[in-house]
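Hi,

Here is the structure I promised to pass on.

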Amino acid sequence: MAKKVGEIDEHVISIFNLSIKPDTPIFLGETNVRHMIQKHPEDYAKYGDKIEEILNNPDYVAKHPRKDSIEYIKKYYDYRKQDYVLVAVRASASGNYYVRTIFVMNPIKVKKYKEKGALKEYPGKK
């Protein structure tokens, strides 16, 4: 059973010129959670409980150039470093949007995103 964990709001729709309705729900299903635990176990263990927070109050959003996913990115700090945590959302075959994965971005990837102008500051900070 999938759980609603967020919405694609008018800010994200406007930034990427998406043709979807504002407040389109984002779901998280058991299959998605299993994928995250399998592919990114440490990142999921550390940030899995923050998925809703990241979706509802990201620092940045980005659009994956090839996978057609919307990426919600939030910075978290601890005493050693800062993590850019990415939650990817993608439409399913049925047209519903699901959290696909979560992971801490490699600092090199963050730098490349910044250099390309791919990290769009999220204007709707709550």
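One caution before the details: this is a predicted model. I went through the salt bridges, and the count comes to six. Opposite charges on side chains can pair when the charged atoms come close. Here are the ones I would look at on screen.

Start with Lys4 and Glu7. Their side chains form a salt bridge, with 2.8 Å from N to O. Lys4 is partly exposed, at 44% relative accessibility. Glu7 is also partly exposed, with a relative accessible area of 29%.

Next, go to Asp83 and Lys81. This salt bridge has an N to O distance of 2.5 Å. Is Asp83 buried or exposed? Asp83 is buried, because its relative accessible area is 4% and the cut-off for buried is under 20%.

Last, find helix α5, which covers residues 107-116. Lys111 and Glu115 both sit in this helix. They are four residues apart, about one turn of the helix. Lys111 forms a salt bridge with Glu115, and their closest N and O atoms are 3.0 Å apart. Both Lys111 and Glu115 are exposed.

Best wishes

Terms used: Residues numbered from 1 in each chain as written. Predicted model: local features only at pLDDT ≥ 70, side-chain atom pairs only at ≥ 80, totals over all residues. Heavy atoms only, no water. Salt bridge = Lys/Arg side-chain N within 4 Å of Asp/Glu carboxyl O. Buried < 20%, exposed > 50% of the residue type's maximum accessible area, 1.4 Å probe, protein only. Helix = DSSP H or I, 4+ residues; strand = E, 2+ residues; numbered from the N terminus.
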